[in-house]
Amino acid sequence: MKKFPIALQLYSVRGDMEADFTGTLKKVKALGYDGVEFAGLFGRSAQEVRAQLDEIGLRGISAHVPYAEMMTDPEKVLGDYAAIGCAYIAIPYAEEAYRPGGEKFEEMVENAKMLGRIAKEKGLPVSFDGNFRSTLWTWDEARDFCTECLPYVDVLLGIEPYHLWKDENDHSKGDWKDGVPLQPSYEQQDEIFQHFIERYPNLKCIARHVRYAHSGSENSLKAFMWYDGHTFESKLFTFNILDRVGGGDAFASGLIYAMLHNYRAMDMINFAVASSAIKHTIHGDANITDDVSTIRNLMNMNYDIKR
């Protein structure tokens, strides 16, 4: 049975890391973890950290970096984590002043674009999920900000909230997405993807899932993905719902896992939807299964999931 590689977030053992950096990493490895997510380098250089990981047999998967720390020297911070081998870096929290409506929000907008540019220069992939929340800002504010980020994105999750004007100089002509239903046909979705790629050739992958609500407890999911010059449509997965929270994150993480493991394009999108479908049967906001074969069996329609 194939298992997901599992990494430990080192923030959970930060006291131990401060007291005994090398010893704690060895214990993490002995517990069976394959990698780690950093929360600071505990006074060590990137080169020292990379050498320790290589010696112990752990991988630096990702890092959580507070916004204030990131902005002290973005070139160095992103360069250090890239040198360690971290493929993903997250800013876990933005203080009130940097959120929509805050006095420093415009500064955050400019810095987000700047960080995207530096990440691309360092060879770090940039994935982006607009994930609109009406309690944070208006639809137009979200579209304005998220659209400004698109030139720096490699993997785009979802097709909203973004402007995709038919004419950049005359917005009265509308958006290419206007009138496209929430449950589009293959041809409708392919056309939208083509307009995204024409406008933003930096995009390497676009993926979005489509939900069909049969009742409060039974839904179906499928997805569309543009990748390597083609649009793909997944299988339709029907399931009973225990908890919808985290379903979108499970779709995104399933897609990224499949991309990192060089799945074929159709397998990538089917694995992502299967991962989300399984999450709907698990309570809580995380997809806690580490059994790849379970998701692949569902992906291949070898069995259904029922509660």
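Student: Where is aspartate 228 placed?

Tutor: Aspartate 228 sits in the loop between β8 (218–227) and β9 (230–233). Strands are DSSP runs of E, at least two residues, and helices are runs of H or I, at least four, numbered from the N terminus. This is a predicted model, where local features need pLDDT of at least 70, side-chain atom pairs count only at pLDDT 80 or more, and totals for chains, interfaces and linings use all residues. Residues are numbered from 1 along each chain as its sequence is written, and side-chain values use heavy atoms, without hydrogens and water.

Student: Why does aspartate 228 count as exposed?

Tutor: Its relative accessibility is 62%. Exposed means over 50%, buried under 20%, partly exposed in between (relative accessible area, 1.4 Å probe, protein chains only). Therefore aspartate 228 counts as exposed.

Student: What is the phi of aspartate 228?

Tutor: Near 55°, a positive value in a residue other than glycine. Most residues other than glycine have a negative phi. Phenylalanine 42 also has a positive phi, of about 55°. Phenylalanine 42 is in the loop between β2 (35–38) and α3 (46–56).

Student: What makes the bond between glutamate 160 and proline 161 a cis peptide bond?

Tutor: Omega there is about 0°. Most peptide bonds are trans. Proline 161 lies in the loop between β6 (155–157) and α8 (186–199).

Student: What makes a set of residues a nonpolar core?

Tutor: The members are buried Ala, Val, Leu, Ile, Met, Phe, Trp, Tyr and Cys residues, joined through side-chain atoms within 4.5 Å. The largest such core has 52 residues, and Tyr81 is one of those with the most contacts inside it. Helix α6 (residues 105–121) gives the largest share of this core, 5 residues.
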